[in-house]
Amino acid sequence: MTGNLANMRKNYMRNSLDETSAAVDPFDQFQTWFNEVRGTDALEANSMTLATVDQHGAPSARTVLLKECDQRGLVFYTNHDSRKGRNIVENPAVALVFNWPTLERQVRIEGLASRVTDEESDAYFQSRPVGSQIGAAASPQSEPVPDRAFLEARFERLSNSAESIRRPANWGGYRVTPAMFEFWQGRPNRLHDRLRYDRTPHGWEIIRLAP
Ligand SMILES: Cc1cc2nc3c(=O)[nH]c(=O)nc-3n(C[C@H](O)[C@H](O)[C@H](O)COP(=O)(O)O)c2cc1C
């Protein structure tokens, strides 16, 4: 089944990234690349891999959606009682990865996650489609459930309630404050461009890494 994997490879030809053209501020560089990938037919360009670690240092990773990005950091929403939410309580150090194959680009971010304010979570929750609000309220995310019917019954019960759905207390946003960004641009012959931005007391420092 995996017989042909060894022959699966792509030569990256589309773009380059160098110190003279890269933004001084990694948030600006991120915004530029994000705007560019949104201009392609990339599906869910705002999806990102979020890696967390538990109290024993065991890692886990999953996809979440970027919902806001500014100089304060990158925001996603989830269930605070989920595995990722529990990990962040134990250890707020997280990593994010965006893979944007249409532009042969990857962005890696490392930093600390902290909860956004209740007001921000409320505002985002209210902006979601009602079905998503009910789904979030109905799902004890990351907990074992007996079967699908269990979830559908919970969804149904909330859907039939006369009251509007309020944000569950265990659901909200996290903001990742980056200490590091790395921008990776695929290049021919595996000589890819990698620029890393490290946050220092004097601002962001840029270094080039070997591919
Ligand atoms: C494209 C995509 C986007 C997703 N976005 C989110 C999200 O924004 N928030 C979320 O809690 N889960 C999201 N998920 C589901 C997570 O990957 C994961 O299954 C869930 O959050 C439970 O993870 P945990 O048990 O590690 O906490 C998404 C999954 C996919 C495939």
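Helices (H or I, at least four residues) and strands (E, at least two) are DSSP runs, numbered from the N terminus. With that in hand, let's begin with a loop.

**View 1. A loop between two strands holds Asn189 and Arg190.** This is a predicted model, in which local features need pLDDT of at least 70, side-chain atom pairs count only at pLDDT 80 or more, and totals for chains, interfaces and linings use all residues. Residues are numbered from 1 along each chain as its sequence is written. Look for Asn189 in the loop that joins β7 (171-185) and β8 (193-200). Asn189 is not a glycine, yet its phi is positive, about 55°. Arg190, in the loop between β7 and β8, also has a positive phi, near 65°, and is a residue other than glycine. How buried or exposed are these residues? A residue is buried if 20 or more other C-beta atoms lie within 10 Å of its own, exposed if 12 or fewer, and partly exposed in between, with C-beta atoms placed from the backbone. Asn189 counts as exposed because it has 8 C-beta neighbours inside 10 Å. Arg190 has 10 C-beta neighbours inside 10 Å, so Arg190 counts as exposed.

**View 2. The whole protein chain has 5 helices and 9 strands.** Reading from the N terminus on, the elements follow the order α-β-β-β-β-α-β-β-α-α-α-β-β-β. The C-alpha trace spans about 60 × 50 × 40 Å along its principal axes. The protein chain has 211 residues, and 23% of them count as buried. Two residues are in contact if their C-beta atoms, placed from the backbone, lie within 7 Å. Among contacts between residues at least 6 apart in sequence, 62% join residues at least 24 apart.

**View 3. Helices α4 and α5 pack against each other.** Two packed helices are described by the angle between their axes and the distance between the axes. For α4 (residues 130-138) and α5 (residues 148-159), the angle is about 125° and the axes are 9 Å apart. That makes α4 oblique to α5; angles under 35 degrees count as roughly parallel, over 145 as roughly antiparallel, 65 to 115 as roughly perpendicular and the rest as oblique. Here axes are lines fitted to C-alpha atoms, for helices over the stretch in contact, and angles run from 0 to 180 degrees between N-to-C directions. Which residues of α4 and α5 meet? From α4 come Ile134, Gly135, Ala137 and Ala138, and they meet Leu151, Arg154, Phe155, Leu158 and Ser159 of α5. The residues of this contact divide into 6 nonpolar, 2 polar and 1 charged. In this grouping, Ala, Val, Leu, Ile, Met, Phe, Trp, Tyr, Cys and Pro count as nonpolar, Asp, Glu, Lys and Arg as charged, and the others, Gly among them, as polar.

**View 4. A shell of 15 residues surrounds the ligand.** A residue is near a molecule or strand if its C-beta atom, placed from the backbone, lies within 6 Å of it. The closest residues to the ligand are Arg62, Thr78, Ser82, Arg83 and Ser142. Elements giving two or more residues to the shell are β2 (59-65), β4 (73-79) and α2 (83-90). Which element gives the largest share of the shell? It is β2, with 5 residues. By type, the shell divides into 4 nonpolar, 7 polar and 4 charged residues.

**View 5. Phe30 sits in helix α1.** Phe30 is buried because 21 other C-beta atoms lie within 10 Å. Not counting residues up to four places away in sequence, Phe30 touches Cys69, Val107 and Phe181. Val116 is 86 residues from Phe30 along the chain, and their C-alpha atoms are separated by 21 Å.

**View 6. Ser114 lies in strand β6 (residues 105-115).** With 13 other C-beta atoms within 10 Å, Ser114 is partly exposed. Leaving aside neighbours within four places in sequence, Ser114 is in contact with Pro92, Tyr174 and Arg175. The C-alpha atoms of Ser114 and Val176 are separated by 6.6 Å, although these residues are 62 apart along the chain.

**View 7. Asp118 is found in helix α3 (residues 118-127).** Asp118 has 12 other C-beta atoms within 10 Å and is therefore exposed. Between Asp118 and Gln29 there are 29 Å in space, C-alpha to C-alpha, and the two are 89 residues apart in sequence.
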